[in-house]
Amino acid sequence: MAEKDFTLEKITGDLTHHIRLNKGFLAWMGFLTISLLVCLYAYSLQLKNGLGVAGIRDYVSWGMYLSNFVFFVASSLIGMLISAFLGLIGMKWITPLTRIAETIAVAFAAVAGLVIVSDMGRPERLANVFIYARFQSPILWDVTVITTYFVLSLLLLFLPMIADLAIIQRKVTTLPAWLRTVYKVLSLNYRDTPEQNRIIHRSIRILLILIIPAALSIHTVTSWLFAVTSRAGWDSTIFGPYFVSGAFVAGTAAVILAMFFFRKNYKLSDYLTDLHFNNMGKVLATVSLVYLYFNLNEFLVPGYKLKRADAVHLHELLAGKDALLFWFVQIGGLLLPILFMLFRRFRKPVPITIIAVAVLIAAWFKRYLIVIPTQEHPFLPIQHIPENFLHYTPTLTETLISIAPFLLVLIIITLILKFFPVIPLQETAKEKGVEPFIFD
Amino acid sequence: MEENDPIRPQQESEKSPSSRRDFLKNLGLAGVCVAAGGAALYSGHIFEAKKEGSGEQRVLLTQDGKLVKVDSLEIKAHEKTGTEQYQYLGREGIAGRRWVMVVDLSHCRNARRCITACQEAHHLRPEQYHINTLQMQDTPNTAPYHMPKNCQHCDNPPCVSVCPVDATYKRQDGIVLIDNERCIGCRFCIAACPYSARIFNWIEPKDAAQDEGLDYNVELNVPQKLGTVSKCLFSADRLREEKLPYCVSACPNGVYYFGDENEDAVTNGTTKETVRLSKLLRDNGGYQLMPELGTKPRVYYLPPKNRLFPFENQPDETPTKA
Amino acid sequence: MRKRNLFIVLTGLTLSFPFMGMSQTWDVPADQKEVVAPFKFTPGIQKQGEQIYSKNCHSCHGNPGKNDWAKLTPPPGDLSAVKAQQQTDGEWFYKITTGKAPMPEFRNVLSEDERWWVVAFLRSFNPGYIQPEPVAKKVFTGRVVTLNLTFDSTQKQVIVKAYDMLQDKRKAPAAGVEVELLVKRYFGNLTMGSPVTTNTQGIAKFTFPGDLPAQRDGFSELVARVLDPKGLMQTTPDTLRIAAGKSNDQPSLLETRAWWSVRSKAPVWIILTYTLSVLIVWGFIIYILLSMVKIYKSGKLK
């Protein structure tokens with residue numbers, strides 16, 4: 001039986017009315033494009049003059065670009081958690097969130113690949129990675145798994161959407177003809193036949209299973225970029241799960257943020273209800289607790305032994321130069337969110353979104369703290385070098401280049417969720433028990 | 001990221017829907033697996049086969065007038081010139097040698113002649129060190145000393161392990177080199193090196209204009225290339241000419257010994273005196289830097305005991321920002 | 001009690017030992033003091049000396065007259081100062097040749113002429129200096145000694161025979177000649193053991209150390225030469241290639257498959273794991289892409 005107030009007409013209308021070229025969208029895209037052009041100009045400076053335009057030098061040779069990369073890989077992991085993990089264990093409430101989560105996964109995974117190119121001294125030699133691919137290097141593994149995860153996420157975004165595309169093509173008559181042709185091509189002649197549904201269902205099933213190891217791999221391999229070295233702060237056996245659990249925290253926050261935005265702007269409060277925010281709050285609390293557990297291991301165990309290099313590293317983090325940032329990240333981005341998420345009233349849309357923003361900012365700085373401080377105190381003393389080699393300070397050009405990927409992610413998410421329904425149409429209709437859509 | 005990974009070229013053919021029947025498809029997939037696995041191992045086999053040779057030996061006359069026996073597979077027309085020739089020699093290394101350096105800390109007084117000689121030879125800026133002397137003090141109660149530190153040319157080099165493109169590699173004679181024409185500038189090697197021995201060309205290299213058009217020599221890292229990593233090369237180009245490395249010859253204080261571990265002999269760069277490596281290390285308590293990391297360095301240190309020069313806390317001669 | 005006193009004395013001696021070098025003067029044998037240069041110190045020669053000086057001496061001794069020598073113990077001092085310039089040319093020549101820690105020896109680094117050039121350069125800072133009349137290398141009148149190297153492979157002994165070349169071109173065993181044996185290494189010759197003085201038959205025997213690696217081909221190249229610091233003899237060294245020495249057929253360092261080796265020498269399991277995982281996952285991806293084609297085809301209206 002259909003839920004009260006829901007009809008097929010209403011659902012189709014609610015979930016597709018945002019598919020149009022309105023002024024707000026054009027203005028937003030214009031702003032993003034112009035900002036991106038400014039950032040690309042900064043990148044052209046780097047292409048011309050070398051990586052020296054950034055603040056990185058011989059000792060801290062991985063800076064903001066790399067911590068940005070880790071952040072992007074981390075955020076992309078959420079697609080797997082929502083669709084595959086929660087989906088496979090039979091959580092029904094995730095239906096309206098899957099597309100948002102997959103879109104975030106696709107956007108962040110695609111851009112993560114570009115971020116790493118911006119960190120290369122010789123980007124024009126990117127093909128070397130494939131020509132001379134060295135099986136022993138975690139970079140090859142990373143490139144491989146990120147490409148794979150991106151393709152899997154893209155498929156997992158697309159396959160459940162085929163039916164929706166067929167509906168839009170038939171139902172949303174206000175669209176220009178060319179756009180309807182695009183939907184027609186993309187809908188792959190979908191006519192709701194048992195044969196088609198069987199193939200789609202089986203394909204999605206395969207993808208949901210494959211994406212779990214792929215997602216775990218991307219962040220585990222990314223953590224190995226650090227963990228395979230001997231440096232204090234990176235030389236850790238739990239770096240894989242530490243990174244993966246951290247990624248879930250960042251990704252959950254990103255999804256909450258996106259939920260809030262689309263609910264408000266696309267008027268989806270009938271579909272993204274308080275229940276969803278409430279449940280996401282519980283998810284956030286759970287993954288944060290797991291992350292807290294790994295944090296405890298990561299700092300307490302070396303802190304107990306205080307081996308020489310570890311002692312310096314921990315001192316700088318906990319009480320030294322980076323202490324302010326460190327405690328902001330740990331308290332503001334981890335402890336307080338856990339605490340707030342325990343109370344129902346903070347799991348309402350507005351408070352939880354504010355907390356998600358804090359978590360996301362803290363997540364970015366957390367990556368910064370993982371990447372940079374370790375390099376500032378290697379095993380041997382740093383001597384006879386200019387002052388700017390000693391401490392890492394990002395430059396303006398570098399900051400602009402680091403902003404570019406965020407703009408790109410926003411552009412991709414905006415475009416995907418502008419032209420495709422944010423909430424899965426057919427599935428929602430099915431769940432609400434309304435009359436099914438008849439495909440001629 | 002692109003997905004045309006050359007180690008999976010077989011997928012291209014798989015993309016065309018050849019048959020609708022699942023059976024054929026599965027068969028095809030299995031075939032691809034076998035083919036790719038085989039191809040991956042094949043390169044390794046070629047490497048082995050090349051080493052074992054054809055068994056057919058030829059006698060040749062070398063440039064320095066020696067008769068040598070060479071496997072007929074190894075004989076190649078010698079037409080390589082310039083960079084190509086440098087690349088060939090640079091990847092090959094000198095057969096039968098295992099270079100080793102001994103640094104006598106009791107002799108070092110931070111004259112820094114090694115550094116200037118090195119930077120001149122490799123066209124480096126003043127803040128770019130293939131070798132640097134560090135002021136060390138192991139514990140608060142032990143005496144400070146000067147320690148020259150260059151690439152340790154490890155036998156288990158962490159930097160080489162992580163390189164995605166074989167740009168940095170270890171040669172049969174023990175030297176770890178970097179090919180600036182292949183390096184993609186990812187700096188994973190810099191992150192992996194526990195001795196902070198690697199540097200990067202962040203900005204246009206010092207002599208870029210004057211080195212324009214010069215054949216790139218992988219054994220010298222000259223011309224230096226923007227956006228790539230550079231490091232100590234044990235002066236691989238000099239060793240080929242039976243000359244000691246630039247830093248070793250430049251030292252005025254007899255700090256450095258350099259030689260071939262296989263010959264059990266090292267020669268002092270200042271006095272040109274040749275001594276037995278094993279005896280030198282045994283008699284003077286030779287040790288390695290951070291051996292607990294398992295990197296197996298090819299550089300040994302003699303402890304700074306009975307120092308010939310008192311420790312002078314010289315002002316840090318920091319070069320100004322480039 | 002007595003034992004304790006002895007202990008204190010010994011300890012005191014041991015402790016003061018490192019400082020003895022500082023207070024000790026650098027004694028040069030009398031006959032070496034008298035040695036004079038074999039050529040005139042012309043401005044050209046002094047210029048050449050300056051080059052040698054700046055390369056080998058400057059880093060410790062600094063610029064003569066500028067008091068910028070390195071702060072060492074004992075201090076190198078100003079070589080243009082009166083005290084330094086009071087030394088004879090022979091003394092300087094001797095000190096450059098032999099060195100005395102921390103000053104390195106230059107006997108293997110600089111030729112005799114080059115050492116004299118340095119002396120010439122240093123004298124240019126002394127306006128009052130008058131060079132003693134140069135004594136060209138004496139026309140040789142003493143012994144002419146040739147050496148002959150043989151190897152007794154059963155005894156592992158290297159036998160050096162020294163001969164005096166007599167006036168009538170006959171050879172006679174040369175007794176009392178100090179001989180040293182060296183073995184060739186890549187960057188220089190390695191002295192084997194200590195020098196041996198020939199016996200009455202003109203023979204000096206050296207034991208070839210069994211643990212010394214041969215060259216890669218299994219041979220060792222030996223050099224025997226007469227030690228004649230005073231230049232009393234005219235000598236000819238001898239060389240010999242012998243099939244002796246520890247095997248030096250070390251494998252290349254790239255023998256084994258390893259993480260750090262080149263791509264083609266990667267561990268087999270990592271190649272297989274990587275390739276198989278990629279193929280399996282991408283096989284599924286391709287399967288799904290083909291499924292999409294199927295969806296498209298099955299949806300076509302007939």
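**Where chain B touches chain A**

Author: Gladly! Between chain B and chain A there are 27 residue pairs in polar contact, both residues at pLDDT 80 or more (N or O atoms within 3.5 Å; within protein, one able to donate a hydrogen and the other to accept it, with residues adjacent in sequence counting only if both atoms are side-chain atoms). On the side of chain B that touches chain A, the elements giving two or more residues are strand 4 (131-136), strand 5 (145-150), helix 5 (158-162), helix 6 (188-192) and strand 8 (198-200) of chain B (DSSP runs numbered from the N terminus: helices are H or I with at least four residues, strands E with at least two). Strand 4 of chain B gives the largest share, five residues. By class, this side of chain B holds 31 nonpolar, eleven polar and 16 charged residues (Ala, Val, Leu, Ile, Met, Phe, Trp, Tyr, Cys and Pro are nonpolar; Asp, Glu, Lys and Arg charged; the others, Gly among them, polar).

Please keep in mind that this is a predicted model, in which local features need pLDDT of at least 70 and side-chain atom pairs pLDDT 80 or more, while totals for chains, interfaces and linings use all residues. Residues are numbered from 1 along each chain as its sequence is written, chains are lettered from A and ligands numbered from 1 in the order written, and side-chain values use heavy atoms, without hydrogens and water.

Two salt bridges cross between chain B and chain A (a side-chain nitrogen of Lys or Arg within 4 Å of a carboxyl oxygen of Asp or Glu). One of them links B:Asp166 to A:Arg134, with the closest N and O atoms 2.8 Å apart. In all, 58 residues of chain B and 54 of chain A take part in the contact (heavy atoms within 4.5 Å). Together the two chains bury about 4800 Å², 60% of it on carbon and sulfur atoms (accessible area, 1.4 Å probe, lost on being put together and summed over both).

Now for chain B with chain C. Here 55 residues of chain C meet 68 of chain B, and the buried area is about 5500 Å², with 62% from carbon and sulfur atoms. On the chain C side, C:Tyr186, C:Phe187 and C:Trp260 lose the most area to chain B, together 16% of what that side buries. One salt bridge is found across this interface: B:Arg276 with C:Asp211, their closest N and O atoms 3.2 Å apart.
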